[in-house]
Amino acid sequence: MARAAKKPLTDRARAERKLGLLLCAPAGIVMLAVTAYPIANAIYLSLLRSDLRFPGQREFIGLDNYVTVLSSSLWWKDVLHTVILTLASVSLELVLGMLLALVMHRALFARGLLRTAALIPYGIVTVVAAFAWRLAWSGSEGGFVPKVLGLSTDPLTQTSTTYLVAILAEVWKTTPFMALLLLAGLALVPDELHEAAKVDGATAWQRFRRITLPLMKPAILVALLFRTLDAFRIFDSVYVISNNGVNRPLESVSVLGYNTLLNRLNLGLGSAVSVLIFVFVIFIAALFVKGLGTSLDEQTGAGK
Amino acid sequence: MTRSVTALLSLVLLLFALASCGGSSSSNGGTVTLNWWAYNEPSGSFREAADRCTRESHGRYRIAFNALGNDADTQRQSLVRRLAAKDASIDLMSMDVVWTGEFAEAGWIRPWPASFARQVRKGTLAGPLATATYQGKLYAAPANSNTQLLWYRKDLIKNPPKTWDAMIDQAAKLKKAGRVEIQGAAYEGTMVWFNALVTSAGGRILDGPTKVGGNKQALRTAARIMSKLAGSKAADPSLKNQKEDQNRLAFETGQAAFQVNYPFIYPSAKANNPKLFKEIGWAPYPGVEPGKPAKAPIGGFNWGVSSYTAHPQEAFAAATCLRDPTNQRAFAIKGGLPPTLSSLYDDKAFKKDYPFAGLVRRQLEHAGVRPVTPLYADVSLAVYTTVSPPGNIDLKSVVKKLTERIGDALKSKGLL
Amino acid sequence: MIGTRRYAGWGAVHLIVLTSALFPVLWILSLSLKTSGDIADGRLIPRAFSLDNYFGAKGIFKQSIFTDALFNSLIIASIATVISVVLAAMAAYAIARLEFPGKRLILVAALAIAMFPPISIVGPLFNLWRDLGLFDTKAGLVIPYMTFTLPLAIYTLSAFFRDIPWELEQAAQMDGATPAQAFRKVILPLAAPGIFTTAILVFIFAWNDFVFAISLTSTGRAQTVPAALSQFTGASQFTAPVGSVAAAAVVVTIPIIIVVLFFQRRIVAGLTAGAVKG
């Protein structure tokens with residue numbers, strides 16, 4: 001391979017190269033256009049005082065918007081909210097997803113039925129799922145939960161219970177995805193290892209901890225990466241569940257960005273929030289990719 | 001494979017069929033269609049007004065009614081975003097009285113031309129007119145107004161109190177129903193309360209569109225009264241979640257001797273609790289200092305004409321029609337919305353359903369208008385997130401905090 | 001004996017999974033079937049069944065906010081699906097079959113873009129759409145949908161295409177088939193299931209979007225169902241439109257359930273293909 005690259009390209013290879021680039025170009029250009037340009041524009045806007053309610057007062061103000069956001073207690077409160085939501089829902093999903101994956105992997109019958117049932121929450125529109133949970137819990141909208149639990153105050157006006165409902169909605173909707181990714185990882189664990197361990201007298205838990213988990217580490221990390229990034233940008237369910245208009249019991253960073261951009265029409269300040277969310281996401285992704293890299297190295301035994 | 005594709009295709013077709021069986025809009029040639037975006041007035045009086053004005057224009061224009069969301073925040077969000085996008089599909093809109101400054105400054109609504117403005121000013125009460133005026137120009141036509149009264153139980157209270165302090169003390173002494181119902185959740189209603197207290201104490205939240213009020217004593221007094229109620233026996237345990245309708249419900253079910261609220265509670269009590277209805281009395285909005293009448297809150301809606309309409313002349317004519325005496329009477333009688341035209345308060349039919357009409361008119365003449373500023377939405381957010389829940393107000397720091405937050409909001413700085 | 005006990009145990013497990021997966025769906029279905037008087041009674045099963053929330057005088061199929069939105073959702077999600085699947089199929093074919101520089105870059109870029117927080121680009125898009133007149137238009141939604149549909153399609157399709165035995169094409173040509181015949185008779189049948197699965201996934205994702213829909217549309221001209229759901233108005237200022245929301249929720253969920261029932265195996269393959277092999 002290395003020698004071939006040094007050689008002058010044959011006509012055929014050159015034509016292949018050209019065709020390959022040509023075929024990828026449309027997709028590549030569209031992806032670049034719809035993300036790189038807006039994000040660059042967001043960075044630019046975040047350096048301006050730009051409020052659509054004052055079209056005449058647009059000016060360059062450097063990093064002022066960032067100073068404002070980072071020194072605001074509301075921003076950090078919403079970051080905390082988002083982090084708690086992310087950690088709580090992703091860890092619950094990991095546990096439940098693993099259980100569901102094991103069930104689907106080991107089930108004696110009706111695996112198709114299980115898969116279908118699990119896919120339904122995942123396929124449902126997030127807003128619909130959020131409404132299902134909100135309408136079940138809301139005291140003022142006829143939910144059955146406050147009635148069954150005998151609650152006197154509306155759970156969705158309290159921060160703690162709103163958290164609970166948002167997490168439940170998120171976990172319900174995305175556990176299947178987690179389970180499917182883990183299931184694919186489970187399929188890679190060879191049965192012989194289990195049999196051998198069984199002969200050695202290992203308990204089911206020991207086998208799970210010593211054999212299944214280590215072999216599944218890359219699959220788990222990939223699943224966690226997907227879900228953590230997804231959970232961190234949570235918008236739909238928080239918007240729907242805490243949108244009773246009273247007290248805004250719960251707000252995620254995405255909701256804060258949305259409100260600043262599209263309700264207050266403060267493009268400068270809102271863009272600063274958006275860019276910061278973007279930076280957070282990159283940071284989380286980098287952490288995971290690093291973790292994933294080391295775990296793959298451990299597995300192949302060579303840190304190339 | 002082919003079968004599943006066919007199945008999927010037929011599913012998609014079925015959905016299309018279902019989607020297209022809904023209402024479709026068609027436009028008549030010749031007549032101008034004006035899209036009026038207004039909140040979904042429950043009695044239907046807005047839709048009827050649109051039909052009536054369409055008929056009376058004799059083919060000059062047709063007013064198409066389009067419903068906005070339920071609460072004022074949703075309505076504003078939807079309008080503001082489209083106006084910022086220069087959307088031409090809005091000709092007329094219903095505007096909450098506090099939006100005038102914002103919409104005018106951003107250039108989203110047209111100032112009223114002199115001839116139409118003269119017509120609107122004639123016979124309109126001072127309070128409502130002030131809410132439609134920005135920097136000396138008329139930017140909207142006051143269509144209906146609203147104010148809060150002090151409602152009390154005649155069977156429990158002989159002489160209604162004149163001040164908040166007296167009311168709280170009086171309620172706390174009652175053996176039963178010793179509560180004062182008022183809005184305390186973090187939303188516009190609490191801003192209404194706070195503003196009424198500040199203006200009644202002789203201050204203002206803002207001195208001018210971009211200046212924080214200088215009378216700090218008034219801010220302190222207002223915060224003190226809120227905090228006093230929250231800490232007293234007279235407070236509703238869920239004060240921090242109460243909005244107008246929760247107040248109505250608590251009063252209607254006999255839990256409170258006092259309620260500070262809009263007149264919609266009156267017909268509601270008549271329908272839901274006729275026995276209690278007979279005991280309902282009303283009094284002027286409570287003041288802050290003895291002997292000094294309060295500046296009561298003023299609410300309601302004005303009609304504005306979009307800057308992006310293609311038919312401004314027709315739009316102004318239609319807006320004028322939509323707030324004429326006939327329509328305002330219908331809004332008042334069917335929908336319980338107090339008129340902005342002074343003469344209607346002498347109307348017999350209106351007075352019969354609105355026995356407190358005289359008091360409402362007096363309050364509207366001397367109302368405590370909420371700050372007129374392009375940044376109203378931000379200022380309001382800054383205020384109500386600071387003073388709600390009222391139980392958490394720290395009297396030592398609240399004035400400083402308020403001044404800072406309002407100041408930030410006025411610089412369109414700071415997250416809210 | 002042990003066998004039956006194990007079966008009973010698994011039966012219980014299945015029951016738990018089924019209940020937790022379906023309960024919220026059944027709850028919203030039950031809500032949608034209640035009469036307007038019973039809607040807030042908090043009962044799990046309606047006292048009286050009624051289809052008023054669907055087909056009644058104030059039912060969702062009589063409300064243009066919903067019917068328009070349903071129509072828009074179908075159009076917008078379909079267009080986004082077609083565009084992204086076509087573009088992605090070209091790219092994925094190149095990635096699977098051809099040798100050229102920057103091959104991995106496309107995949108890495110697709111993955112990176114899939115992680116993108118949509119809120120980060122909503123502001124600039126709104127600002128740009130205002131100037132271009134794309135605010136509240138269908139095109140104004142299809143374009144940003146490319147940010148997530150295209151990476152998803154590229155990723156899933158290249159995983160599928162990698163497994164196609166492309167040698168068969170040459171074999172067919174050697175057996176005397178023309179290149180067109182070889183493509184139509186051999187490659188297309190092999191590639192079609194992957195493309196079909198990808199299209200379903202992309203459609204579900206586009207159907208699901210909320211952030212873009214609520215930010216970049218506002219009327220029946222382009223508003224999609226999720227956005228419309230959050231803007232339903234009740235009969236009065238103080239009544240929540242619970243019945244309408246529930247009925248609309250059921251209507252948009254039915255197609256998903258049907259698709260899942262028919263194609264669960266494919267969907268699972270599509271969802272995990274990219275993630276595991278990548």
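**Figure 1. The kinked helix α2 of chain A.** In this predicted model, helix α2(A) bends by about 40° at A:Ala25, a kink that lies shortly before the proline A:Pro26. The helix covers residues 11-45 of chain A and has 35 residues. From its first C-alpha to its last, α2(A) reaches 48 Å, close to the 51 Å expected at 1.5 Å a residue. Buried residues of α2(A) include A:Gly20, A:Leu23, A:Cys24, A:Ala27, A:Gly28 and A:Met31. Further along the list of buried residues in this helix come A:Val34, A:Thr35, A:Pro38, A:Ala42 and A:Leu45. An α-helix has 3.6 residues a turn, so residues three or four places apart point the same way.

**Figure 2. Contacts of C:Ala88 in the largest nonpolar core.** The largest nonpolar core holds 301 residues. Which residues touch the most other members of this core? They are C:Ala88, C:Ala91, C:Ile154 and C:Ala249. Helix α3 of chain C, residues 64-97, gives the most to the core, with 19 residues. Leaving aside residues up to four places away in sequence, C:Ala88 touches C:Leu150, C:Ala153, C:Ile154 and C:Leu157, as well as A:Ala27 of chain A. A:Ala27 is also among the buried residues of helix α2(A).

**Figure 3. The four-stranded sheet of chain B.** Four strands of chain B form an open sheet with mixed pairing, in the order β8-β9-β7-β10. Strands β8 (180-181) and β10 (280-283) stand at the edges; each has a single partner strand, so one side of each is left without a neighbour in the sheet. Strand β7 (residues 149-153) and strand β9 (residues 258-261) of chain B run antiparallel and are joined by four bridges. B:Leu150 has B:Val260 in β9(B) as its bridge partner.

**Figure 4. Helix α3 of chain B and the residue that follows.** Residues 72-84 of chain B form helix α3, which has 13 residues. Its first and last C-alpha atoms are 18 Å apart, close to the 18 Å expected at 1.5 Å a residue. Is α3(B) mostly covered or mostly uncovered? The helix is mostly covered, with 10 of its 13 residues buried. The buried residues include B:Ala72, B:Leu79, B:Val80, B:Leu83 and B:Ala84. B:Gln75 and B:Gln77 are buried in this helix too, as are B:Arg76, B:Arg81 and B:Arg82. Just after α3(B), B:Lys86 takes a positive phi of about 55°.

Figure 5. The secondary structure of chain A consists of 13 helices and two strands. Along the principal axes, its C-alpha atoms fill a box of roughly 70 × 70 × 30 Å. The radius of gyration of chain A is 25 Å, whereas a compact globule of 304 residues would have one near 19 Å. Of the 304 residues of chain A, 46% count as buried. Among contacts in chain A with a separation of 6 or more, 70% are between residues 24 or more positions apart.

Figure 6. Chain C has 11 helices and zero strands. A box of roughly 75 × 70 × 35 Å, taken along the principal axes, is filled by the C-alpha atoms of chain C. Of its 278 residues, 54% count as buried. Where residues of chain C at least 6 apart in sequence are in contact, 73% of these contacts join residues at least 24 apart.

Conventions: Residues are numbered from 1 along each chain as its sequence is written. Chains are lettered from A and ligands numbered from 1 in the order in which they are written. This is a predicted model: local features need pLDDT of at least 70, side-chain atom pairs count only at pLDDT 80 or more; totals for chains, interfaces and linings use all residues. A nonpolar core is a set of buried Ala, Val, Leu, Ile, Met, Phe, Trp, Tyr and Cys residues joined through C-beta atoms within 7 Å. A residue is buried if 20 or more other C-beta atoms lie within 10 Å of its own, exposed if 12 or fewer, and partly exposed in between; C-beta atoms are placed from the backbone. Two residues are in contact if their C-beta atoms, placed from the backbone, lie within 7 Å. Two strands pair if DSSP finds at least two bridges between them. The expected span of a helix is 1.5 Å times one less than its number of residues. The bend at a residue is the angle between axes fitted to the seven residues ending there and the seven starting there. The radius of gyration is taken over C-alpha atoms; the globule rule is 2.2 Å times the number of residues to the power 0.38.
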